[in-house]
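Please walk me through this model in the viewer, one selection at a time. Tell me what to pick next and what is found there.

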Amino acid sequence: MSIAVDNVVKRFGNFAALNGVSLEAKPGEFLALLGPSGSGKTTLLRIMAGLEFPDSGSVLFEGRDVTGLGVRDRRIGFVFQHYALFPHMNVADNVAFGLTVKRRRERPKRDEIRRRAQELLELVQLGPLGKRYPAQLSGGQRQRVALARALAVDPKLLLLDEPFGALDAKVRKELRRWLRDLHDRMGLTSVFVTHDQEEALELADRVVVMDHGLIEQVAGPQIIYDEPATAFVYDFVGDSNRIPVTVDGGRVLFAGEALDVAVEPAPDGPALLYFRPHDAALVDEGSAGALPMQICQAIHLGGATRIEGNIPGVDPLIDVRIPGRDVPPAGRAAGLKLLRARLFPAAGEES
């Protein structure tokens, strides 16, 4: 099922949680809503679900306007961050809950509900645990139960609000790979909220980067990382460094000296030069076109070395990753050659 939101606005008092957001998830797509706290991603998900209603704009399922329908009438599955399981019900009854509260004319018979719950527990690899209670399960198992419950109503759209946020890092990695596989096998359209960029880049077909109630960029994970549309996206997705520079006649100047770096054309004037830690190399001090840098410390990380360096007039320290372990000691002056970088106007700087 496709889902589209068109020019959606949502305010809470004087706070604009969403400010004219338009977005479409294609049938069978796995879409990630990524952004910091307060960016509007959870509000957008809840409006898709029918748990919140927009002040203006519309929500369409397969082209049908469902803006005024509540969650019960949208045939969606919703998974909360903190499971929201009923502690007094065993696992099988939790999974079956969505079927037992259907309207009488739509409710399956009791035996069919029981069969469906067990089938879903098998699907999420919890088949033998139907008689246990939530308190007897691990965090990862509880989240699988929550997912099975969301799938019980046979949704065409699965919405997940930071589903792995309450889990430790190891369990998160295991569950997100499993969730992606489940999504593909069931042919669902899935939209999930996360503030974890690694999670979004690994799981999603497309990533929606949000900030202050607006969409900054929608693209595939590789494009989001390699070709960020705005300074905010570059800064938020992946590690990055930021250098204040001046553009003059196509040249990029730092402290009055031209840098040897290829960038897309930009208007003359103050600008911000962004680059990833692995898109730079150490060269000799005073090398033409390189940034002057004093090495503060070098940390060996397996086959690579992380270098923190100070560039005069730049705060915070620069983070550089280079292969190997042969680096100058702390306190030594060096040059930093930029291999790849992006320019953004200084006026577009966001924190």
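Is arginine 75 buried, partly exposed or exposed? Select it: the model is predicted, and in it arginine 75 has a relative accessible area of 44%. That value lies between the 20% and 50% limits, so arginine 75 is partly exposed.

Aspartate 154 is partly exposed, at 38% relative accessibility.

Next, select glutamate 202 and arginine 177. Their closest N and O atoms are 3.7 Å apart, and the pair forms a salt bridge. Glutamate 202 is partly exposed, with a relative accessible area of 36%.

Over the whole structure, a search finds 24 salt bridges.

Another of these pairs is arginine 306 with glutamate 308, where the closest N and O atoms are 3.1 Å apart. Arginine 306 is partly exposed at 27% relative accessible area, whereas glutamate 308 counts as buried at 17%.

Now go to helix 1 (residues 41-49). Seven of its nine residues are buried, so the helix is largely enclosed by the rest of the structure. Colour Lys41, Thr43, Leu44, Leu45, Ile47, Met48 and Ala49 to see the buried set. Just after the helix, glycine 50 takes a positive phi of about 90 degrees.

The last stop is a void. The structure holds one cavity of 30 Å³ or more, and the volume of the largest cavity is about 50 Å³. To display its lining, select Val79, Gln143, Arg144, Leu147, Leu160, Pro163, Phe164, Leu175, Trp178 and Leu179. Which helices each supply at least two residues of this lining? They are helix 4 and helix 5. Coloured by class, the lining shows eight nonpolar residues, one polar and one charged.

Technical notes. Residues numbered from 1 in each chain as written. Predicted model: local features only at pLDDT ≥ 70, side-chain atom pairs only at ≥ 80, totals over all residues. Heavy atoms only, no water. Buried < 20%, exposed > 50% of the residue type's maximum accessible area, 1.4 Å probe, protein only. Helix = DSSP H or I, 4+ residues; strand = E, 2+ residues; numbered from the N terminus. Salt bridge = Lys/Arg side-chain N within 4 Å of Asp/Glu carboxyl O. 1 Å grid on protein atoms, 1.4 Å probe; cavity = no way out; pocket = protein on both sides within 12 Å on 5 of 7 lines; lining within 4 Å. Points joined across faces, edges and corners; volume = space filled by probe spheres on them. Nonpolar A, V, L, I, M, F, W, Y, C, P; charged D, E, K, R; others polar.
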